[in-house]
Amino acid sequence: MGGRGCWGSCRFCSITTYYRDARARAGGGRTMRLRSPENLAAEMALLWHATGGMGAIFCFHDDNFLLPRPEDSLARVRALRSALDDYGVGKIALVGKGRPDCITPELLRELASLGLVRLYVASRTPRSAAPTTSDAGPRSHAPTLLSRPAGRPT
Ligand code: SF4
């Protein structure tokens, strides 16, 4: 986990409601919390070196690996790579989840260079094709998967 919770407020999703309720009813913390790239790299380095760096696939189960502004995600990804370099971590593979509206080609290239092999995104259904029930509304979605074979350049 590189963080927990999410900054988004997608109508169909329980994540933000869960943390909002936890805060309201039990004094829980912020809706989203992130580990620093250095803290994350330290744990990844431990695992990478423990396995000799062979076939290391880091499967992130963060609710949302990406930040609202692509430039902030870009800075976070670069800081993570830099911290991994400091720990002597070589090639890795990475799996994560993110929102499609905060992904740019530059960010995808940077993620690919970090080792992204699979990114789960939720694509929104066009308004005209969305279910009409009041709960689903026009923002309902169908899951989408972007992936490329491990080790293959973009
Ligand atoms: S971006 Fe993902 S995790 Fe965040 S609220 Fe939307 S569906 Fe939920």
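So, which residues in H2 meet which residues in H3? Pro37, Glu38, Leu40, Ala41, Met44 and Ala45 in H2 meet Arg76, Ala79, Leu80, Ala83 and Leu84 in H3. Contact here is C-beta atoms, placed from the backbone, within 7 Å. Helices are DSSP runs of H or I, at least four residues, numbered from the N terminus.

Quick housekeeping. This is a predicted model, where local features need pLDDT of at least 70, side-chain atom pairs count only at pLDDT 80 or more, and totals for chains, interfaces and linings use all residues. Numbering runs from 1 along each chain as its sequence is written.

On confidence: pLDDT (the predictor's confidence in each residue, 0 to 100) averages 83 for the protein chain, with 79% of the residues at least 70. Residues 130–143 sit below 50, though that stretch has 23 contacts in the model beyond near neighbours in sequence.

Axes are lines fitted to C-alpha atoms, for helices over the stretch in contact, with angles from 0 to 180 degrees between N-to-C directions. Nonpolar covers Ala, Val, Leu, Ile, Met, Phe, Trp, Tyr, Cys and Pro; charged is Asp, Glu, Lys and Arg; the others, Gly among them, are polar.

Next, H3 (residues 70–86) against H4 (residues 105–114): about 15°, axes 10 Å apart, so roughly parallel. Among the residues in contact are Leu74 and Val77 of H3 and Leu107 and Leu111 of H4. By class that contact has 7 nonpolar, 1 polar and 4 charged.

Last, the ligand. Residues around it include Cys6, Cys10, Cys13, Asp63 and Arg99, where near means a C-beta atom, placed from the backbone, within 6 Å. The shell has 5 nonpolar, 4 polar and 2 charged residues.

Notes: Contact = placed C-beta atoms within 7 Å. Helix = DSSP H or I, 4+ residues; strand = E, 2+ residues; numbered from the N terminus. Parallel < 35°, antiparallel > 145°, perpendicular 65-115°, else oblique.
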